[in-house]
2 protein chains.
Amino acid sequence: MATVLQSTKGERVAGRIRTVALEQFSRLGFERATMGEIAREAGVSQATLHYHFQDKAQLWRSAMLDLGAHIAEEERAISAARDAPAVDQLRMAMRLFVEISWRHPALGRIVALEGMAGGERLAWLVENLLGERNRRLARLAARAIAEGDLKPFPPEQIVVTLQAAAAGLINLQPLMRANFGVLAYSAAGRAAHLDMILAAVFDGFVNRKNEETRP
Amino acid sequence: MATVLQSTKGERVAGRIRTVALEQFSRLGFERATMGEIAREAGVSQATLHYHFQDKAQLWRSAMLDLGAHIAEEERAISAARDAPAVDQLRMAMRLFVEISWRHPALGRIVALEGMAGGERLAWLVENLLGERNRRLARLAARAIAEGDLKPFPPEQIVVTLQAAAAGLINLQPLMRANFGVLAYSAAGRAAHLDMILAAVFDGFVNRKNEETRP
DNA sequence: CATATTCTTGACTACAAAATCAGGAAAGCT
DNA sequence: AGCTTTCCTGATTTTGTAGTCAAGAATATG
């Protein structure tokens with residue numbers, strides 16, 4: 001996962017730093033990740049980090065933008081059928097979300113960390129990476145409710161709870177290991193996870209009448 | 001939320017410190033919470049913290065035990081019907097979990113923080129606070145599956161995902177506010193949240209055949 | 001290939017936070 | 001009250017980390 005353009009040497013190094021930084025920020029959170037360790041891991045001196053990035057916060061933002069670009073690219077590949085019922089679009093969105101969350105666990109971890117803490121970095125994330133997508137999903141949920149396909153839970157709560165459930169199992173792998181001695185990384189575990197999320201939504205959140213009218 | 005016994009002055013002060021510490025650890029996480037601020041908030045000097053608690057880690061553990069005792073007390077009030085079908089016990093457990101999570105948001109936040117990060121504190125939490133309960137829930141889920149009432153997802157994944165969903169909305173209030181400008185603390189919001197979780201489980205995870213055999 | 005530009009670094013400063021300690025105040029006990 | 005133990009604190013040390021800077025190496029360019 002390098003950054004977009006790498007023509008000069010500087011850009012190559014900056015990209016490597018971003019990659020390492022993303023991993024550390026996601027695994028440790030903003031405070032526990034240190035400039036020194038990121039530098040060591042990237043094979044450069046700490047001063048080099050400050051040459052390429054003004055400060056730690058800017059490195060964090062830069063790493064996030066990198067991640068956002070990669071995810072956006074993968075998402076673009078999947079074209080949502082605009083005229084499908086909202087509930088079907090939501091299903092597709094959830095499936096996509098789970099898949100991307102497994103492929104880029106950093107995103108969910110960072111959203112969880114910053115989304116709990118609040119503050120500047122969360123505001124930045126919402127402004128630059130999450131806000132529009134989440135609002136679109138909430139509108140989708142609201143539309144699905146209006147179309148009579150979803151139970152009338154608050155749309156924002158639907159979106160956040162679903163994402164929490166989807167990202168939760170991925171984020172909490174250390175807990176899984178510590179508590180049960182197992183992980184869910186296996187292909188079977190991932191498939192079961194996706195099935196669970198979809199089941200929660202589409203046999204749980206969807207009104208029963210649906211299954212009668214649309215076989 | 002003070003500690004159990006407070007006969008002497010020292011125990012009263014230690015209890016106050018634990019209470020403040022719990023709030024800070026839960027809101028900020030272990031690293032961002034500072035001994036200085038906890039001391040200030042508790043109205044004592046920083047050195048007093050080190051008189052009552054050897055170091056920051058021990059203060060953290062002590063605050064967790066305090067929280068655990070309070071929750072255990074509330075749980076004891078509710079007697080689970082041992083001979084009810086596993087799936088019904090699971091429903092009751094989930095309802096209880098959501099209610100307690102709203103009442104003690106600190107627990108879910110700390111489990112989320114440490115459960116993502118791994119490490120010593122997570123090991124301690126599992127050993128002293130979470131492990132037994134989670135394993136019991138997983139056994140319950142396994143039994144419900146064996147009894148044909150639950151879809152055959154991996155029990156550990158069921159437990160962790162459900163808890164992630166239940167705690168997620170509570171933990172992510174800052175995200176809710178930043179992204180949507182709304183909160184879910186209201187009585188209606190909480191009720192909707194509980195309904196969502198139960199819906200996910202009991203119309204989503206439960207096999208359809210159930211509704212036919214047991215009206 | 002000479003020169004300008006970009007890049008990298010070791011050594012350093014600044015700072016915030018944890019942890020220590022000796023002295024003294026307050027509480028509890030007879 | 002007098003004495004002992006518990007409790008609390010200001011001052012200080014220690015540590016870990018972000019950030020700066022001047023000097024020089026590497027790289028790109030005409």
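**View 1. Helix α8 of chain A and helix α8 of chain B are oblique to each other.** In this predicted model, α8(A) and α8(B) pack at an angle of about 140°, with their axes 8 Å apart; the axes are lines fitted to C-alpha atoms over the stretch in contact, and angles run from 0 to 180 degrees between N-to-C directions. The pair is called oblique because angles under 35 degrees count as roughly parallel, over 145 as roughly antiparallel, 65 to 115 as roughly perpendicular and the rest as oblique. Helices here are DSSP runs (H or I, at least four residues), numbered from the N terminus. The crossing of α8(A) with α8(B) is right-handed, a term used if the near helix is turned clockwise from the far one by less than a right angle, whereas anticlockwise makes a crossing left-handed. Residues are numbered from 1 along each chain as its sequence is written, and chains are lettered from A in the order in which they are written, with ligands numbered from 1. Local features need pLDDT of at least 70 and side-chain atom pairs count only at pLDDT 80 or more, while totals for chains, interfaces and linings use all residues.

**View 2. The contact of α8(A) with α8(B), residue by residue.** From α8(A), the contact includes Gln157(A), Val160(A) and Thr161(A), and from α8(B) it includes Gln157(B), Val160(B) and Thr161(B), where contact means that C-beta atoms, placed from the backbone, lie within 7 Å. By class, this contact has 8 nonpolar, 6 polar and no charged residues (Ala, Val, Leu, Ile, Met, Phe, Trp, Tyr, Cys and Pro count as nonpolar, Asp, Glu, Lys and Arg as charged, and the others, Gly among them, as polar).

**View 3. The side of chain A that touches chain B.** In this interface, 47 residues of chain A are in contact with 46 residues of chain B. The largest share of the chain A side, 10 residues, comes from α10(A), and by class that side has 28 nonpolar, 12 polar and 7 charged residues. Because 98% of the interface residues of chain A are also interface residues in chain B, the copies meet through the same surface.

**View 4. Helices α5 and α7 within chain B.** Helix α5 (residues 86-103) and helix α7 (residues 120-146) of chain B pack at an angle of about 140°, with their axes 8 Å apart, which makes α5(B) oblique to α7(B). Their crossing is left-handed, and among the contact residues are Leu90(B) of α5(B) and Leu137(B) of α7(B).

Note on methods. Helix = DSSP H or I, 4+ residues; strand = E, 2+ residues; numbered from the N terminus. Contact = placed C-beta atoms within 7 Å.
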